[in-house]
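Keep the 3D view open as you read.

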Amino acid sequence: PVQNPSVVISPDSHFLLYKQTGEKLIQIDLKTKKSSAVTDSFSRQITSFTYTCDGRFLLVATAHTIHIYDTATWMQIKFKTLFLEIRQIACSPDGRYVVVEGTELACPPDQPPKDGLWLLDFGQPHLGTLMEEEAALFV
């Protein structure tokens, strides 16, 4: 498996998306060969990014936050800061679940943070509604 990809192709094979200088994503239209920035520069390094299987959303992980963009408008529609460190993310085919490889942010003060795989359940397909008070499930 590829860890921390720096290039992905959209599910419809129309666009190529790559990481530029670690903080910015650039999209190339594979038909016209034109490129454009799809995100502003992040204040932290991008650690992972992936499309949902239907291409409707783009998930971008920075040090401890998952940013979710609507690919029709390239507007950020959600972000989740639940982790101390994010190394890799993956999205289920229906967009309901996001798996995060990383270290938890909230842990009991007398215990070290758990490191491993975490499952975010958005409650419904297409990255539904993960509430702020909901936590990630350690798997």
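Lysine 33 sits in the loop that links β3 (24-29) and β4 (35-37). Its backbone stands out: phi is positive, about 65°, although the residue is not a glycine. The side chain is not hidden either. Lysine 33 has a relative accessible area of 61%, and because the cut-off for exposed is over 50%, lysine 33 counts as exposed. Keep in mind that this is a predicted model.

Serine 13 repeats the backbone theme. It too is not a glycine, yet it has a positive phi of about 60°. Look for serine 13 in the loop between β1 (7-9) and β2 (15-20).

Now move inside. The largest nonpolar core holds 15 residues. Those with the most contacts inside it are Ile66, Phe83, Ile86, Ile89, Val98, Val100 and Leu120. Which elements give two or more residues to this core? They are β6 (57-61), β7 (65-70), β9, β10 (97-104) and β11. The biggest contribution comes from β9, with 4 residues.

Leaving out residues up to four places away in sequence, isoleucine 89 touches Ser48, Phe49, Thr50, Leu59, Val60, Ala61, Ile66, Val98, Val99 and Val100. Another core, of 10 residues, lies apart from the largest one. Its members include Leu17, Phe49, Tyr51 and Leu58.

Leucine 59, one of the contacts of isoleucine 89, belongs to strand β6. Is leucine 59 buried or exposed? Its relative accessibility is 0%, so it counts as buried. Leucine 59 and alanine 90 are separated by 31 residues in sequence, but their C-alpha atoms are 8.6 Å apart in space.

Finish with the aromatic rings. The count comes to 1 aromatic pair. The partners are phenylalanine 83 and tryptophan 118, with ring centres 6.2 Å apart and planes at 65°. Pairing needs centres within 6.5 Å, and planes over 60 degrees apart count as edge-to-face. The pair is therefore edge-to-face. Phenylalanine 83 lies in strand β9 (residues 83-91), and tryptophan 118 lies in strand β11 (residues 115-121). The pair thus ties together parts that are 35 residues apart in sequence.

Both partners are shielded by the under 20% cut-off for buried. Phenylalanine 83 is buried, at a relative accessible area of 1%. Tryptophan 118 is buried as well, at 5% relative accessibility.

Key. Residues are numbered from 1 along each chain as its sequence is written. This is a predicted model: local features need pLDDT of at least 70, side-chain atom pairs count only at pLDDT 80 or more; totals for chains, interfaces and linings use all residues. Side-chain values use heavy atoms; hydrogens and water are left out. Rings of Phe, Tyr and Trp (its six-membered ring) pair if their centres lie within 6.5 Å; planes under 30 degrees apart count as stacked, over 60 as edge-to-face and the rest as tilted. Buried means under 20% relative accessible area, exposed over 50%, partly exposed in between (1.4 Å probe, protein chains only). A nonpolar core is a set of buried Ala, Val, Leu, Ile, Met, Phe, Trp, Tyr and Cys residues joined through side-chain atoms within 4.5 Å. Contact means heavy atoms within 4.5 Å.
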